[in-house]
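The sequence and structure come before the details.

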Amino acid sequence: MYSFDSLLDGSGLVSSGVQYRYMNFGGKAFYLAGFKEILLLSPECVVFRLKDRDQISISGENLSLKEMDTEMVMVTGVIRLVEVK
Amino acid sequence: MDWLGQIKLTLKGLNVERFINYALKKGIEFRSLKRDGSEMTISVDYNKYKKTIKMAKAFEIEKIEYTGLAGVCKFFLSHIGVIVGLVLGLAMLFFSLTRVWRIDVIGLERIDKQSIIEILNEMDYNIGSSNFHIDNKQIEDRLLEEFEDISMVSVIHEGCSIIISLKEKEYEVELDPTFQVPIIAGFDGIIESIDVVQGTPLVKVGDVVSKGDILIAPFTVDSEGNMIKMRAIGDVKASVYVKGSVTYKQGQERLVRSGNVQVLKSLKLFGTEFPSNKKVEYEYYEVEKTESNLSNNFLLPFKVIEERYYEMVKVVDNKTFEEQKDYLIKKSIYEAYENLDASFEVSEEQTDITEVEGTYFITTYLKVLTNIADYEGE
């Protein structure tokens, strides 16, 4: 599986928090590291529970997951909105 | 990433998120996940395939697809006929590569190819036999032993072919002195080609030779400088020119037939001639003589000799050369063909006209290409 730390360090792209990291590549691919579990999977919306009990919601069209393990996941499709609640 | 490839499962059921979370905790890594209503398509590594199926018991598995090496293996296992075909094909290919399918014999002149093949067959080298244990040296020795006419043999085994290259012995050179005959020119001509079988050529292409000139001498010199006498054998082709000519001078007297003919007949028996009493009435004449049997009686074989005397008269040519030119050219061509052997084929024809002090010389040359080699004294 991929290691995001090297990818995220100094990238200047969106990343936040200590427990998780994420990166959005032009609305076409979204990398997330540090999720706890998946709460919802549908073509329009994917929701993950994060390790600090927050939730992250990725909305868009034709969404699917790639290369998913316990640490990291990649969401592909047309990504329109990412919300951390 | 599993080198065996991946399994793609299409699952149908509810609460897929719970299944995903459970599988992740049990160490399953998903290569892809896509949900469409109650149907979800997942890809997992081939080595996690059985574990994933166990966990997905609550779901209805609609379709299983194999990719990568696992897919190839699955295809062959489910299409056993293809495997059998491939195995049979490979077996046939291997079989055909280990057989002899062709025997070539090069360099044969007097020896029959079939007799060589028969020797090979006796040695168990047949078309279709195994080519694993072909002993080239053994074949060479056997062929040299069987055929006295073979001076050198080389056997090559290449792929499915046995190639036998051999050289037959040359005929021994005639050393009998009575056969030391040179080749001489039978005609005058210009040499066009020389093909020497034995002997030493004394002329080369382009040389002008006269009838009787020696073309190929009846000896050769070996590598140590020794002269070996032999009969000269070979072909020498040359361009030979056959000539026909006439002369013409205006005002010149010449004899022509007047049209009067006198016939004199006489008898001949056993070589004794009984001539006619009549005499020839003309001052100038040409005579044609024929001889025929008087009857079919063989007891008294009389022969009749008929002599036809054509009267000749003197005429003076008053016509100019230009008026006579066409006739004279045709006459010179006719004269040239009269001198030509019937077996020769004319390749070129040329007529020259030369004038010296009012006398015209019309000469026609016929060029023929022929073998002029002739044996002296034969």
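Chain A and chain B bury about 1300 Å² between them, 56% of it from carbon and sulfur atoms; buried area is the accessible area (1.4 Å probe) that two parts lose on being put together, summed over both. The model is predicted: local features need pLDDT of at least 70, side-chain atom pairs count only at pLDDT 80 or more, and totals for chains, interfaces and linings use all residues. Residues are numbered from 1 along each chain as its sequence is written, chains are lettered from A in the order in which they are written, and side-chain values use heavy atoms, without hydrogens and water.

The contact (heavy atoms within 4.5 Å) involves 17 residues of chain A and 15 residues of chain B. Between the chains there is 1 salt bridge, meaning a side-chain nitrogen of Lys or Arg within 4 Å of a carboxyl oxygen of Asp or Glu. A:Glu67 pairs in this way with B:Arg31, with 2.7 Å between the closest N and O atoms.

An automatic or database assignment divides chain B as follows.

| Domain of chain B | Residues |
|---|---|
| domain 1 | 6-78 |
| domain 2 | 102-168 |
| domain 3 | 173-252 + 317-378 |
| domain 4 | 254-314 |

Over C-alpha atoms, the centres of domain 1 and domain 3 of chain B are 101 Å apart.

The lining of the second largest pocket includes B:Tyr248, B:Arg254 and B:Lys331.

Methods
On a 1 Å grid over the protein atoms alone, a cavity is a set of points where a 1.4 Å probe fits but cannot get out, and a pocket is an open set with protein on both sides within 12 Å along at least five of seven lines; lining residues have an atom within 4 Å of a point.
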